Amino acid sequence: ITQRLQQRLVQAKEVGDRAKEGQIYCVIGNTHHSVGDFSQALEYFTQHLSIAKEVADRAAERCAYNGLANACEGLGDFTQAIEYHKQCLIVAKEVGDRAGEGRAYCRLGNACQGLGDFTQAIEYHKQSLIIAKEVGDKVGEGCAYCRLGHTCESLGDFTQALQYHKQRLIVAKEVGDKAGEGCAYCHLGIVCHALSDLRKAFEYHK
């Protein structure tokens with residue numbers, strides 16, 4: 001696949017199609033990311049970002065920032081990933097993409113969790129939840145509840161985590177997300193166990 005993409009990249013350069021060249025850099029970056037070659041992915045996403053800025057394509061620019069952030073997370077560099085996610089957020093706000101803004105907050109929360117900054121992660125996930133409700137994104141809403149529950153678990157706030165996972169369960173049932181429903185029951189069991197409510201934990205795990 002990479003060889004064919006490289007051929008397409010050469011063709012795009014030959015005809016001077018910078019936008020197409022940038023798109024191919026993005027695809028190649030994603031290909032490397034999918035096989036765990038994060039350093040190489042980082043290089044291609046950097047090329048994609050450079051071209052996106054050159055041709056003033058804000059959507060492509062945001063895509064490049066997201067790819068760069070994901071690659072940095074793959075390399076364990078959550079501090080740099082946060083900076084790239086912040087750039088995604090800025091672009092989303094500038095173009096008025098509320099759903100994209102919500103996704104950026106979610107990713108910022110995830111990166112902060114990776115960094116161990118759970119308090120900041122909660123704030124970002126709360127922003128993600130607010131926007132998901134605003135735009136009617138039930139999947140995003142469920143994801144936000146799930147992330148908030150996980151983060152509260154990390155902080156040892158199991159009572160609050162229980163409430164978030166219950167909300168996650170409600171949303172999962174509403175949208176018919178059986179995998180999400182199962183995940184919610186699993187975490188409800190874990191939290192109840194931490195709260196020493198073993199009978200309830202047993203029921204959730206069942």
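1. The largest pocket of this predicted model holds about 170 Å³ of space. Three helices each supply at least two residues of its lining: helix 6 (98–115), helix 7 (118–135) and helix 8 (138–155).

2. The lining of the largest pocket consists of Ala-99, Gly-102, Arg-103, Cys-106, Ser-128, Ile-131, Ala-132, Val-135, Asp-137, Val-139, Gly-140 and Cys-143. By class, seven of these residues are nonpolar, three are polar and two are charged.

3. Helix 6 has 18 residues, and its first and last C-alpha atoms are 26 Å apart, close to the 26 Å expected at 1.5 Å a residue. At its N-terminal end the cap is Asp-97, with a side-chain oxygen 3.3 Å from the backbone nitrogen of Ala-99. Ala-99 is also one of the residues lining the largest pocket. Just after helix 6, Gly-116 has a positive phi of about 90 degrees.

4. The buried residues of helix 6 are Gly-100, Glu-101, Gly-102, Ala-104, Tyr-105, Cys-106, Leu-108, Gly-109, Ala-111, Cys-112 and Gln-113. They pack against helix 4 (58–74), helix 5 (78–94), helix 7 and helix 8. Gly-102 and Cys-106, both listed as buried, are among the residues that line the largest pocket.

5. At the start of helix 8, a side-chain oxygen of Asp-137 comes to within 3.3 Å of the backbone nitrogen of Val-139. Asp-137 and Val-139 are both part of the lining of the largest pocket. Just after helix 8, Gly-156 adopts a positive phi of about 80 degrees.

6. In helix 8 the buried residues are Gly-140, Glu-141, Gly-142, Ala-144, Tyr-145, Cys-146, Leu-148, Gly-149, His-150, Thr-151, Cys-152 and Glu-153. Their cover includes helix 6, helix 7, helix 9 (158–175) and helix 10 (178–194). Gly-140 is buried and is one of the residues of the pocket lining.

7. His-150 lies in helix 8. Its relative accessible area is 18%, so His-150 counts as buried, the cut-off being under 20%. Leaving aside neighbours within four places in sequence, the contacts of His-150 are Gln-113, His-165 and His-187. With His-187 there is a side-chain to side-chain polar contact of 3.0 Å. Gln-113, another of these contacts, is itself a buried residue of helix 6.

Terms used:
Residues are numbered from 1 along each chain as its sequence is written. This is a predicted model: local features need pLDDT of at least 70, side-chain atom pairs count only at pLDDT 80 or more; totals for chains, interfaces and linings use all residues. Side-chain values use heavy atoms; hydrogens and water are left out. On a 1 Å grid over the protein atoms alone, a cavity is a set of points where a 1.4 Å probe fits but cannot get out, and a pocket is an open set with protein on both sides within 12 Å along at least five of seven lines; lining residues have an atom within 4 Å of a point. Grid points are joined across faces, edges and corners, and a volume is the space filled by probe spheres set on the points. Helices (H or I, at least four residues) and strands (E, at least two) are DSSP runs, numbered from the N terminus. Ala, Val, Leu, Ile, Met, Phe, Trp, Tyr, Cys and Pro count as nonpolar, Asp, Glu, Lys and Arg as charged, and the others, Gly among them, as polar. Buried means under 20% relative accessible area, exposed over 50%, partly exposed in between (1.4 Å probe, protein chains only). Contact means heavy atoms within 4.5 Å. A polar contact is a pair of N or O atoms within 3.5 Å; within protein, one must be able to donate a hydrogen and the other to accept it, and residues adjacent in sequence count only if both atoms are side-chain atoms. The expected span of a helix is 1.5 Å times one less than its number of residues.
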